[in-house]
Amino acid sequence: MISRVAIGRRFARIATDVAVRYPRLWRFFRPLVRRQFDALAPVWDSMRLEDTLAPYEAALAALDSAPRRIIDVGTGTGAGAFSLAERFPDAEIVGVDLSDAMLEQARRNSPEDLRDRISFQRADASALPFGDDSFDLASHANMIPFFDEVARVVSPGGHALFAFSSGAGTPIYVPIQRLREELAKRGFTEFAEFYVARGTALLAHKGDAA
């Protein structure tokens, strides 16, 4: 018998593949994905391994300048946002997620000394409630990419980061080559790849405005 965990992982991969290939179909998957992650929120932190953020951290370390405004897309219970705040002490970080339960846990997890620089709000990554060119960095850890929105909210000269903690074995996963192709179509011109521990990451630089 297939376990519920295996079914959940398989569904996450299907939802990712569909959202990347046919973004307009995301609306059919959105409520199911929200329910899935609402249910996972109480145990999400216990599922994180010691090296889960290793590729994410490696890509952040490669940035040649510190971003001042960052969006952590699919922030979950906030681990990526907290890492960003610690690494970039002058940055303002907004963590967004589709799941209210995940966001509630992220707020509970927030260290007291970081709370003045991190905010969490519910948002659909396919239609972010922010203006064009709002962020210097859009980070994603094990998150479905919505390329048009990433390109819209990242300012010229900014970066987008996509990390997958178990590489191709991550339930939510997009191959680096596909990421590069989609981002290149949308004005990203420089790419750095990272292969760390079990995972992979891509850091992409958005070209400056003409």
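Modeller: The model is a predicted one. Its second largest pocket has a volume of about 210 Å³.

Colleague: What makes a residue part of the lining of that pocket, and which residues lie nearest its centre?

Modeller: A lining residue must have an atom within 4 Å of a pocket point. There are 13 residues in the lining, and P23, F146, F147, D148 and R186 lie nearest the centre. Helices α1 (4–21), α7 (147–153) and α8 (176–184) each give two or more residues to this lining.

Colleague: How is the lining divided by residue class?

Modeller: The lining holds six nonpolar, one polar and six charged residues.

Colleague: Why are β3 and β6 called edges of the sheet?

Modeller: The open sheet has seven strands in the order β3-β2-β1-β4-β5-β7-β6, with mixed pairing. Both β3 (118–122) and β6 (188–196) have a single partner strand, so one side of each lacks a neighbour in the sheet. Neighbouring strands are turned by 15 degrees against each other on average, direction ignored.

Colleague: How do you know that β6 and β7 pair?

Modeller: Pairing requires at least two bridges. A192 stands opposite L203 in β7.

Colleague: Which helices are placed against the strands?

Modeller: Helix α4 (residues 54–61) packs on the sheet, where it touches β1 (69–73), β4 (135–141), β5 (154–164), β6 and β7. The direction of α4 makes about 155 degrees with that of β5. Helix α6 (residues 100–109) lies across β2 (92–97) and β3, and runs at about 165 degrees to β3.

How values were computed
Residues are numbered from 1 along each chain as its sequence is written. This is a predicted model: local features need pLDDT of at least 70, side-chain atom pairs count only at pLDDT 80 or more; totals for chains, interfaces and linings use all residues. Side-chain values use heavy atoms; hydrogens and water are left out. On a 1 Å grid over the protein atoms alone, a cavity is a set of points where a 1.4 Å probe fits but cannot get out, and a pocket is an open set with protein on both sides within 12 Å along at least five of seven lines; lining residues have an atom within 4 Å of a point. Grid points are joined across faces, edges and corners, and a volume is the space filled by probe spheres set on the points. Helices (H or I, at least four residues) and strands (E, at least two) are DSSP runs, numbered from the N terminus. Ala, Val, Leu, Ile, Met, Phe, Trp, Tyr, Cys and Pro count as nonpolar, Asp, Glu, Lys and Arg as charged, and the others, Gly among them, as polar. Axes are lines fitted to C-alpha atoms, for helices over the stretch in contact, and angles run from 0 to 180 degrees between N-to-C directions. Contact means heavy atoms within 4.5 Å.
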